[in-house]
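Please read the following explanation alongside the sequence and the model.

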Amino acid sequence: MIEIQGLRKRYGALQVLDDVDLVIHPGRVTAVVGPNAAGKTTLIKSILGLTHPDAGTILVNGAEIESSGTYRSDIGYMPQIARFPENLTGADLFAMMTDLRGDAAPRDESLIDSLGLRSQLQKPLRVLSGGTRQKVNAALAFHFSPSMLFLDEPTAGLDPISSSVVKDKIAAERLQGRTFVLTSHVMSELEELADDIAFLIDGRIRFSGPIHDLKKATRQLSLERAIAYVLETGAAA
Amino acid sequence: MTTIVRKIARYGVRDLIRSRWLLGYAGFFAIATWALLRFSDTETKALLSLVNVVLFVVPLANLVFGAMYLYGAREFVEMLLAQPLRRRELFAGLYLGLTVPVSLAATIGIGAPLVLLGVGPATLQTGALLAGIAAVLSAVFTGVATVIAYRIEDRVRGLATALGVWLTLAIVYDGVALLAAVQFADYPLERPMLALMLANPIDLARLVLLLHFDVAALLGYTGAVFERFVGGTAGLTLAGIVLSTWVAVPALAGARLFRRKDF
C-alpha cells in the first residue's frame with residue numbers, strides 16, 4: 001500500500017506535481033497515465049526516492065519513506081531507458097544486484113528463461129541490442145520477487161512475443177498478490193493489465209480509481225476513448 | 001568503508017578495467033615513458049619531459065573521461081538509486097570505482113617501463129614520486145568531474161565545462177600568474193606566488209616534482225625560497241595537506257550534489 005498526500009514538485013517555473021493525493025492499493029495494477037510532461041515519471045521517481053519532493057508525504061506500507069532506502073528492498077524498478085555499464089556482462093549485472101540486495105532475497109529467474117536471455121548473459125552488455133537490453137531490464141525488475149514493482153513503459157522496444165511474455169508475467173504475479181505501478185502510452189495494453197488508473201494532467205490528479213469507474217463516468221467503452229473524452233471536454237470525471 | 005561501497009566500487013573497477021579507453025590510456029603512458037627513457041640523453045631529462053606530459057595529460061583525460069563516464073552512467077545510477085542503498089554509499093562506490101582504475105592506469109603506465117628498463121635508483125625514486133602524483137591528480141580531477149556531472153544536467157555543456165576547467169587550470173592560470181609576476185616585479189612576490197601555486201593543483205604538483213629534480217637553482221631567488229619552503233619537512237607536509245585537500249574538496253562537493261540531486 002502506498003499513500004501519497006499533498007505531493008508537490010517544482011522544476012524552475014514548471015510545477016511538475018501540484019498537490020497530488022493518491023492511494024496505490026496492494027495486489028492491484030495501477031496505471032499512471034497522462035499526456036507527455038504530465039508528471040508521471042516524476043511521481044514514480046518520488047516514490048522511489050530518486051527525486052526529492054518540495055512538499056507532501058509518501059507512506060509505503062504505513063511508514064514514511066526515508067533516505068536509508070530499506071523500504072526499497074521490497075521494490076523492483078524497471079526504468080524506461082535501459083543503459084548498463086558497457087563492459088560488464090549480463091551475468092555480472094545480476095551478480096552485482098544480488099550482491100547489493102543481499103543473498104537472502106528469493107530469486108525469480110523465470111523471465112531469464114522465458115525471454116531467452118540465458119545465452120546472452122555471458123556477452124558484454126554493450127554488444128546487446130536495444131531490445132535485448134530492455135529484456136534484461138525487465139528480468140532484473142522481477143529478479144528479487146519484490147512485492148511492489150514499478151514498470152516505466154515495460155513493453156516499449158520489445159518484439160510482440162517478448163512483450164506478451166512480459167504482460168503474462170505481470171498478470172501472473174498480480175495473481176500472486178504483487179502490486180504494480182505501470183506507465184505506458186499503449187492504452188489497450190493498460191486496459192488489458194490494469195485495475196486502477198491514476199490520470200495526471202499538468203501535475204494534478206484528474207481521476208484516480210478503478211478503470212471501469214472512469215469508463216462509467218465518461219460513458220465510454222474503452223479506456224482510450226474515456227481518456228480522450230476527459231482530455232477533450234476537460235470534464236472532471 | 002562499508003561493504004556496500006566496496007561492492008559498488010568493485011563492479012565499477014571490473015567495468016573499467018575491461019574498457020579499451022583505459023587500456024589505451026595506460027598504454028600511452030607506457031609508450032611515452034619508454035620512448036623518453038630510450039631516446040633522451042639522460043634519465044633525468046627523460047623524467048623532466050615526462051613530468052610535463054603527465055601534468056598536461058592527466059588532468060585533461062580525467063576531466064573529460066570522468067565526465068563522459070558519469071554522464072553515460074546516468075541511467076544506471078537511477079537504477080542503483082532504486083535499490084535499498086544510501087546515496088552517500090552509492091556515491092562513494094561510484095567515485096572509487098572510477099578513481100581507482102584511472103589512477104592505477106596512470107601509475108602502472110608510468111611505473112612499468114621504469115621497472116622493466118631497470119633504471120637507476122635515483123630515477124626510480126623520482127619516477128615513483130611522479131607516478132604517485134599522477135594518481136593523486138587523477139583523484140583530484142575525477143572529483144571535479146563528479147561536481148560537473150552532478151551540477152550540470154546537459155552533457156554537452158558539462159563536457160564543455162570540463163574542457164574549460166582544464167584550460168583555465170592548465171594554461172590560463174599560468175599565463176595570469178606570469179603576467180602578475182611581470183607587472184609586480186618590483187615587489188617581493190615570493191609569498192603571493194607561493195599562494196598562487198598552492199591554489200592550483202597542477203602547479204602544486206609541478207612545484208613538488210621540479211624541486212625534487214634539484215633544478216630549483218635555475219629558478220633563481222624565487223626558486224631558493226620555494227626550495228626552502230617545499231624542500232623542508234614542513235613545506236612537504238604543507239604541500240601534502242594542500243594536495244589532500246584538493247582530493248577531498250571536489251569529491252565531498254560531488255557527494256553533496258549527488259545526495260541532493262533529483263534524478
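Is D203(B) buried or exposed? The model is a predicted one, and in it D203(B) has a relative accessibility of 6%. Buried means under 20%, so D203(B) counts as buried. This residue takes part in a salt bridge with R206(B), in which the closest N and O atoms are 3.0 Å apart. R206(B), at a relative accessible area of 24%, is partly exposed. Both residues belong to helix α9 of chain B, which covers residues 201-212. About one helical turn separates R206(B) from D203(B), because they are 3 residues apart in that helix.

Over all chains, the structure holds 22 salt bridges. Side chains of opposite charge can pair when their charged atoms come close. Another of these pairs joins K169(A) to D108(A), with 2.8 Å between the closest N and O atoms.

The strands of chain A come next. Strands of a sheet pair through backbone hydrogen bonds, either parallel or antiparallel. One open sheet of chain A consists of 4 strands in the order β2-β1-β4-β5, and its pairing is antiparallel. Its edge strands are β2 (14-24) and β5 (63-64), each of which pairs on one side only. Strand β1, residues 2-11 of chain A, runs antiparallel to β2(A) and is joined to β2(A) by 7 bridges. Within this part of the sheet, K9(A) stands opposite L17(A) of β2(A).

Another open sheet of chain A has 6 strands, ordered β6-β7-β8-β3-β9-β10, with mixed pairing. At its edges stand β6 (75-78) and β10 of chain A; each has a single partner strand, so one side of each is left without a neighbour in the sheet. On average, neighbouring strands of this sheet are turned by 15° against each other, direction ignored. The bridge partner of M78(A) in β7(A) is L151(A).

Two loop residues of chain A deserve a look for their backbone angles. E153(A) has a positive phi of about 50° and is not a glycine. E153(A) is placed in the loop between β7 (148-152) and α5 (160-175) of chain A. With a relative accessible area of 11%, E153(A) is buried. D202(A), also a residue other than glycine, has a positive phi near 50°. The loop that holds D202(A) runs between β9 (196-201) and β10 (204-210) of chain A. What is the relative accessible area of D202(A)? The value is 59%, and D202(A) is exposed.

The last stop is the largest pocket. Rolling a probe the size of a water molecule over the atoms shows where empty space is left. The space in the largest pocket comes to about 600 Å³. Of the 30 residues that line the pocket, the closest to its centre are P85(A), E86(A), N87(A), D15(B) and Y69(B). Five helices of chain B, namely α1 (3-17), α2 (20-39), α3 (43-72), α4 (74-81) and α5 (87-116), each supply at least two residues of the lining. The largest share comes from α1(B), with 5 residues. By residue type, the lining divides into 17 nonpolar, 6 polar and 7 charged residues.

Conventions
Residues are numbered from 1 along each chain as its sequence is written. Chains are lettered from A and ligands numbered from 1 in the order in which they are written. This is a predicted model: local features need pLDDT of at least 70, side-chain atom pairs count only at pLDDT 80 or more; totals for chains, interfaces and linings use all residues. Side-chain values use heavy atoms; hydrogens and water are left out. Two strands pair if DSSP finds at least two bridges between them. Buried means under 20% relative accessible area, exposed over 50%, partly exposed in between (1.4 Å probe, protein chains only). A salt bridge is a side-chain nitrogen of Lys or Arg within 4 Å of a carboxyl oxygen of Asp or Glu. Axes are lines fitted to C-alpha atoms, for helices over the stretch in contact, and angles run from 0 to 180 degrees between N-to-C directions. On a 1 Å grid over the protein atoms alone, a cavity is a set of points where a 1.4 Å probe fits but cannot get out, and a pocket is an open set with protein on both sides within 12 Å along at least five of seven lines; lining residues have an atom within 4 Å of a point. Grid points are joined across faces, edges and corners, and a volume is the space filled by probe spheres set on the points. Ala, Val, Leu, Ile, Met, Phe, Trp, Tyr, Cys and Pro count as nonpolar, Asp, Glu, Lys and Arg as charged, and the others, Gly among them, as polar.
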